Amino acid sequence: MDTVKLALFASGNGTNVQQITEYFADKAQVMVDCVVYNVKDAYVAQRAQKLGIPSFYHNKKDFMETDVVANLMKQRGIDWIILAGFLLLVPENLLAMYPNHIINIHPALLPNYGGKGMYGHHVHEAVVANHEKESGITIHLVDKHYDRGTILFQAKCPLTEEDTADTLAQKIHLLEKEFFPKVIEKTVLN
């Protein structure tokens, strides 16, 4: 079996990029080939460099109005795209090239707290403000809508009256670390 090549798309700090890369570092069947990011000074670029992974910056126009990113994926022989804190809506050309081969993680239990503008701390603030009893993560396939693709996996964590957006973020981060790489592995090798 050929090695499955992943491209990790990110917009920010890159903690999920690091966790995924470290998880697959000693696995022959799956490799992280590159990181593609869309925020010029995102820390994920430095993280990728430290991890020894090629990284490529492309602005929103490159993603949304050209085939630059699609061509890069083709050139590198990418099999799956993993959204690891990537905040742009995936453009039609990539969706067409990678049907059911783009995976995202969302920091809430979809279909609740999803959609445009619902990412990161915004999600945790909304969950806490609504006095939810639980939250969690949803790992899903990507389609042309924010957070609406087929759900692959969910993990839950309880909330208490004392929880804040910050404490919830810590709980969610632990779930991401524990489950995201494993679910990616299971999905791409299926």
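**Notebook: helix packing, cores and a loop**

I began with helix 1 (residues 15-24) and helix 2 (residues 44-51), whose axes come within 9 Å and cross at roughly 20°. Helix 1 is therefore roughly parallel to helix 2. On the angle scale, under 35 degrees is roughly parallel, over 145 roughly antiparallel, 65 to 115 roughly perpendicular, and the rest oblique. Axes are lines fitted to C-alpha atoms, for helices over the stretch in contact, with angles from 0 to 180 degrees between N-to-C directions. Helices (H or I, at least four residues) and strands (E, at least two) are DSSP runs, numbered from the N terminus.

I noted the source: this is a predicted model, where local features need pLDDT of at least 70 and side-chain atom pairs count only at pLDDT 80 or more, while totals for chains, interfaces and linings use all residues. Residues are numbered from 1 along each chain as its sequence is written, and side-chain values use heavy atoms, with hydrogens and water left out.

**Helix 1 against helix 2**

I looked up the handedness next. Helix 1 passes helix 2 in a right-handed crossing. A crossing is right-handed if the near helix is turned clockwise from the far one by less than a right angle, and left-handed if anticlockwise. I then listed the contact, meaning heavy atoms within 4.5 Å. Helix 1 brings T15, V17, Q18, T21 and E22, and helix 2 brings V44, R47 and L51. By class I read 3 nonpolar, 3 polar and 2 charged residues. Here Ala, Val, Leu, Ile, Met, Phe, Trp, Tyr, Cys and Pro count as nonpolar, Asp, Glu, Lys and Arg as charged, and the others, Gly among them, as polar.

**Helix 1 against helix 7**

I moved on to helix 7. Its axis and that of helix 1 come within 10 Å and cross at roughly 45°. That angle makes helix 1 oblique to helix 7. This crossing is right-handed. From helix 1 I listed T15, N16, Q19, I20, Y23 and F24; from helix 7, H173, E176, K177, F180, P181, K182, I184 and E185. The classes are 6 nonpolar, 4 polar and 4 charged.

Which residues of helix 1 are buried? I found N16, V17, Q19, I20, T21 and F24. Buried means under 20% relative accessible area, exposed over 50%, and partly exposed in between (1.4 Å probe, protein chains only). These buried residues pack against strand 1 (4-10), strand 2, helix 2, strand 4 (80-83), strand 5 (102-106) and helix 7.

**Cores**

I checked the largest nonpolar core. It has 38 residues, and L6, I20 and I82 have the most contacts inside it. Helix 7 (residues 165-188) gives the most to this core, with 7 residues. Another core, of 20 residues, lies apart from it and includes A7, C34, V36 and F63. A nonpolar core is a set of buried Ala, Val, Leu, Ile, Met, Phe, Trp, Tyr and Cys residues joined through side-chain atoms within 4.5 Å. I20 touches L8, V32, I82, A84, F180, P181 and I184, not counting residues up to four places away in sequence.

**Helix 6 against helix 7**

Helix 6 (residues 120-129) and helix 7 pack at about 115°, with axes 9 Å apart. I found a right-handed crossing here. H121, H124, E125, V127 and V128 in helix 6 meet A165, D166, L168, A169 and I172 in helix 7. I read 6 nonpolar, 2 polar and 2 charged residues in this contact.

**The loop between strand 5 and helix 6**

I found P111 in this loop. The peptide bond from L110 to P111 is cis, with omega near 15°. Y113 is also in the loop between strand 5 and helix 6. Phi of Y113 is near 60°, a positive value in a residue other than glycine. At 17% relative accessibility, Y113 counts as buried.

Beyond four places in sequence, G114 touches H106 and D147. I also looked up its distance to H140: 12 Å, C-alpha to C-alpha, at 26 residues apart in sequence.

**H140**

H140 is in strand 6 (residues 134-141). H140 is buried, with a relative accessible area of 1%. I listed its contacts beyond four places in sequence, among them H106, L110 and D147.
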